[in-house]
Amino acid sequence: MGASSSIRSARIDALRGLAVFGILLINVWGFVYGYTALRYGVIEPSATSGDRLAVFFAAAFAEQKFYPIFAFLFGAGFSLQMRSLEEKSGLEDAKAIYLRRLKWLLVVGVLHGTLLWFGDILTSYALTAFWLLRHAGESWPEVRRSIRLAVIVNVAMLLLTAGIMATIANMPDYGAETAAEALLANEIYTHGGWLEVTMARIGDFGLNISGFWLFVPRIALLFLLGVAAVQLGWLTHPEQHRALWRRILLVGVFIALPLNVWWGYEALSWALEPETSSHSVHMASLVLELAGPALAAAYVAVFMLAGRRAMDAVARWLAPVGRMALTNYLGQSLVCGLLLQAYGLGLGAVLSRAELMGLSAAIMLAQVFVSRWWMSGHEQGPAEALWRRYTYRR
């Protein structure tokens with residue numbers, strides 16, 4: 001039983017490590033180009049093939065792929081932790097303990113969003129998890145009803161989003177205004193003073209949080225799917241559900257992948273010619289709302305279907321990263337801010353898009369080695385240790 005549990009934990013930790021790195025591939029652009037619809041900025045016609053490929057790769061294979069994995073694993077972790085706490089202390093005490101955990105996460109999220117990274121996801125996770133905590137201890141039939149309700153709400157939100165995008169697509173000056181906003185944000189974050197960058201970050205964090213009501217149904221559904229994956233054994237005993245994971249992988253490869261490649265092409269085209277914003281880019285963006293998470297599910301399926309030897313090799317490098325995922329997530333924001341933005345080294349003003357991706361790869365490599373070194377002598381990462389200390393304080 002101990003060996004099996006260890007294998008399961010390593011697989012999940014490695015998947016969480018992959019998600020942390022995938023999130024960096026998207027977050028890094030915000031430190032240079034700000035919180036605008038043009039995530040990758042305005043690309044000059046003289047941009048190299050490497051720069052264009054960097055944008056296409058990030059849009060097609062990372063955007064809307066890794067936060068769903070992280071949210072899914074958050075829900076799974078919630079289920080596993082509540083199960084363990086309930087066995088030791090009973091359901092009510094378990095809820096009280098987990099509530100302290102969420103309060104700590106909320107405070108860290110707000111500080112992270114205002115001081116380091118406006119695109120903080122921890123705040124949204126904590127706020128949504130307050131709702132999830134009300135479902136602690138529910139049986140599978142009850143969880144299934146909640147999932148059905150969450151699906152209905154998400155369909156309604158998708159239709160609302162479609163209406164909003166249709167309106168935007170018909171605005172004659174939308175492309176030009178978006179390009180101007182992206183250029184201004186890039187100027188502030190890469191050339192502005194400390195106060196100017198800080199005020200821009202706080203403003204963008206406020207915009208990010210103000211859209212929480214649009215985002216929460218999706219996070220809630222992903223949380224619930226993570227809970228279901230634990231209750232039904234999809235995640236904890238993947239060897240017993242290989243047929244399910246194969247179907248998910250096939251859908252990802254043959255349906256979701258082509259749609260994400262389409263979005264990558266449209267995102268690149270839009271960044272090259274933002275003033276000629278077309279209906280196709282908005283349609284591709286809407287499709288991405290479903291195709292992105294579907295490809296993310298295929299990424300998860302690859303990990304669940306991987307053999308013992310392959311998984312051991314991958315987990316050797318990624319599991320330590322996943323075991324201290326919060327520390328690495330916060331560390332990425334600190335490093336990106338110091339390296340890229342004007343109050344630090346200001347490299348965002350001189351690095352090309354291809355070099356920006358290269359910097360992301362360098363940060364990932366450094367975090368692999370730092371995580372392996374740290375976890376060789378500690379049970380948790382520094383941020384995780386503080387989180388645990390607050391959660392179980394007396």
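The questions and answers that follow take up several labels for this predicted model and set each one against its cut-off.

Q: How do you know how confident the predictor is in the chain, where pLDDT runs from 0 to 100?
A: The mean pLDDT of the protein chain is 92, and 97% of its residues reach 70 or more. Residues 1–5 are a stretch where pLDDT stays under 50, and the model gives them zero contacts beyond four places in sequence.

Q: What makes A200 count as buried?
A: Buried means under 20% relative accessible area, and A200, at 16% relative accessibility, therefore counts as buried. A200 lies in helix α8, which spans residues 194–210, and, leaving aside neighbours within four places in sequence, A200 is in contact with I188 and Y189. In space, A200 is 8.5 Å from G34, C-alpha to C-alpha, although the two are 166 residues apart in sequence.

Q: Why is R246 called partly exposed?
A: The label applies between the limits of 20% and 50%, and R246 has a relative accessible area of 43%, so R246 is partly exposed. R246 has its place in helix α10, residues 242–272, and its C-alpha atom is separated by 7.6 Å from that of L305, which is 59 residues away along the chain.

Q: Why is F57 called partly exposed?
A: With the limits again at 20% and 50%, the relative accessible area of 39% places F57 between them, and so F57 is partly exposed. F57 is found in helix α2 and touches L25, A62 and M357, not counting residues up to four places away in sequence. R372, by contrast, is 28 Å from F57 in space, C-alpha to C-alpha, and 315 residues from F57 in sequence.

Q: What makes the phi of Q64 worth a remark?
A: Most residues other than glycine have a negative phi. The phi of Q64 is near 65°, a positive value in a residue other than glycine. Q64 lies in the loop between α2 (49–61) and α3, and because its relative accessible area of 15% falls under the 20% limit, Q64 is also buried.

Q: How do you know that the buried residues of α15 are on the same side of α15?
A: The buried residues in α15 are A383, E384, W387 and T391. They cover an arc of only 100° around the axis, and this puts them on the same side of α15. The elements that these buried residues pack against are α4, α12 and α13.

Q: What makes up the lining of the second largest pocket, by class and by helix?
A: The second largest pocket holds about 1,500 Å³ of space. Its lining has 41 residues, and those closest to its centre are G77, Q81, R101, Q380 and R388. By class, the lining has 19 nonpolar, eight polar and 14 charged residues, with Gly counted among the polar ones. Helices that each supply at least two residues of the lining include α1 (2–33), α4 (91–115), α5 (122–133) and α15 (382–391), while α3 gives the most, with 13 residues.

Conventions. Residues are numbered from 1 along each chain as its sequence is written. This is a predicted model: local features need pLDDT of at least 70, side-chain atom pairs count only at pLDDT 80 or more; totals for chains, interfaces and linings use all residues. Side-chain values use heavy atoms; hydrogens and water are left out. On a 1 Å grid over the protein atoms alone, a cavity is a set of points where a 1.4 Å probe fits but cannot get out, and a pocket is an open set with protein on both sides within 12 Å along at least five of seven lines; lining residues have an atom within 4 Å of a point. Grid points are joined across faces, edges and corners, and a volume is the space filled by probe spheres set on the points. Helices (H or I, at least four residues) and strands (E, at least two) are DSSP runs, numbered from the N terminus. Contact means heavy atoms within 4.5 Å. Buried means under 20% relative accessible area, exposed over 50%, partly exposed in between (1.4 Å probe, protein chains only). The arc is that of the directions from the helix axis to the C-beta atoms.
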